[in-house]
Amino acid sequence: MTILGYVTGIAFLIWIILPLFKKDSTWVSLYVEAEELADKKQRVYGNIADLEFDFAMGRLSEKDFKRIRQSFLSEAGRVIEKLESQKSSALMERINNDIDNLDKSKKSKTSSSRVFCIVCGAENLPEAKFCMKCGKEIS
Ligand SMILES: [Zn+2]
């Protein structure tokens, strides 16, 4: 690969990555993004391996090698950072959903264990000893 090839590669990666940051964080796009990011991470690592191979073959000066390698590494860093932040935001959404479900199951449990007065039929709290409407003892 030539230096122009690497520069084009970096420009291409930026061109692909930028729109990802503008997408809505819905589950579907999160999933697609995760796939794309994982794919991109592999490609950046592949590029670094290629670069190291070219340098070992003496096709690059040490200065160019270090400069290009650094840009690939920061590219990989950005991709990994994005993957991590996506994971944690997906995790937060998951936790919030779980809390919602927890509240719902608690509420339905409470309402199903409510007791009704045998005399007047008023609904009373499960822990009530006497009917709050007619005062009859609840067995
Ligand atoms: Zn009653």
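The model is predicted. Its average pLDDT is 82, and 85% of the residues score at least 70. Where pLDDT is low, predicted coordinates should not be read in detail.

Start with the layout. The protein has three helices and two strands. Read from the N terminus, the order is α-α-α-β-β. Helix α3 spans residues 62–112. The protein exposes about 10,000 Å². Carbon and sulfur atoms supply 61% of that area. Now take the contacts between residues at least 6 apart in sequence. Of these, 48% join residues at least 24 apart.

Is A76 buried or exposed? A76 counts as buried because its relative accessibility is 4%, and the cut-off for buried is under 20%. What does A76 touch, leaving aside residues up to four places away in sequence? The partners are V44 and Y45. V44 lies 32 residues from A76 along the chain, yet their C-alpha atoms are separated by 6.1 Å.

L73 is also placed in helix α3. Its relative accessibility is 34%, so L73 counts as partly exposed.

At 49% relative accessibility, Q70 counts as partly exposed. Exposed would need over 50%, so Q70 stays in the partly exposed class at 49%. I48 comes up again here. From Q70 to I48 the C-alpha distance is 9.4 Å, and the two are 22 residues apart in sequence.

Now turn to the zinc ion. Which protein atoms are its donors? They are the SG atoms of C117, C120, C131 and C134, lying 2.3 Å from the ion. Along the chain, these donors follow the spacing C-x2-C-x10-C-x2-C. The structure holds zero disulfides.

What is the geometry of the zinc site? It is tetrahedral, with angles of 103 to 116° among the four donor atoms. The class follows because four donors count as tetrahedral if all angles lie between 85 and 135 degrees. For comparison, the ideal angle for four tetrahedral donors is 109.5 degrees.

C120 stands at 33%, so C120 counts as partly exposed. C134 is partly exposed as well, with a relative accessible area of 39%.

Technical notes: Residues are numbered from 1 along each chain as its sequence is written. This is a predicted model: local features need pLDDT of at least 70, side-chain atom pairs count only at pLDDT 80 or more; totals for chains, interfaces and linings use all residues. Side-chain values use heavy atoms; hydrogens and water are left out. Donors are N, O and S atoms within 2.8 Å of the metal (3.2 Å for Na, K and Ca); water is not among the atoms, so sites may look incomplete. Four donors count as tetrahedral if all angles lie between 85 and 135 degrees; four count as square planar and six as octahedral if opposite donors are over 155 degrees apart and all others between 65 and 115; anything else is irregular. Buried means under 20% relative accessible area, exposed over 50%, partly exposed in between (1.4 Å probe, protein chains only). pLDDT is the predictor's confidence in each residue, from 0 to 100. A disulfide is a pair of cysteine sulfur atoms within 2.5 Å. Helices (H or I, at least four residues) and strands (E, at least two) are DSSP runs, numbered from the N terminus. Contact means heavy atoms within 4.5 Å. Accessible areas come from the Shrake-Rupley method with a 1.4 Å probe; for residues, only the protein chains shown count as cover.
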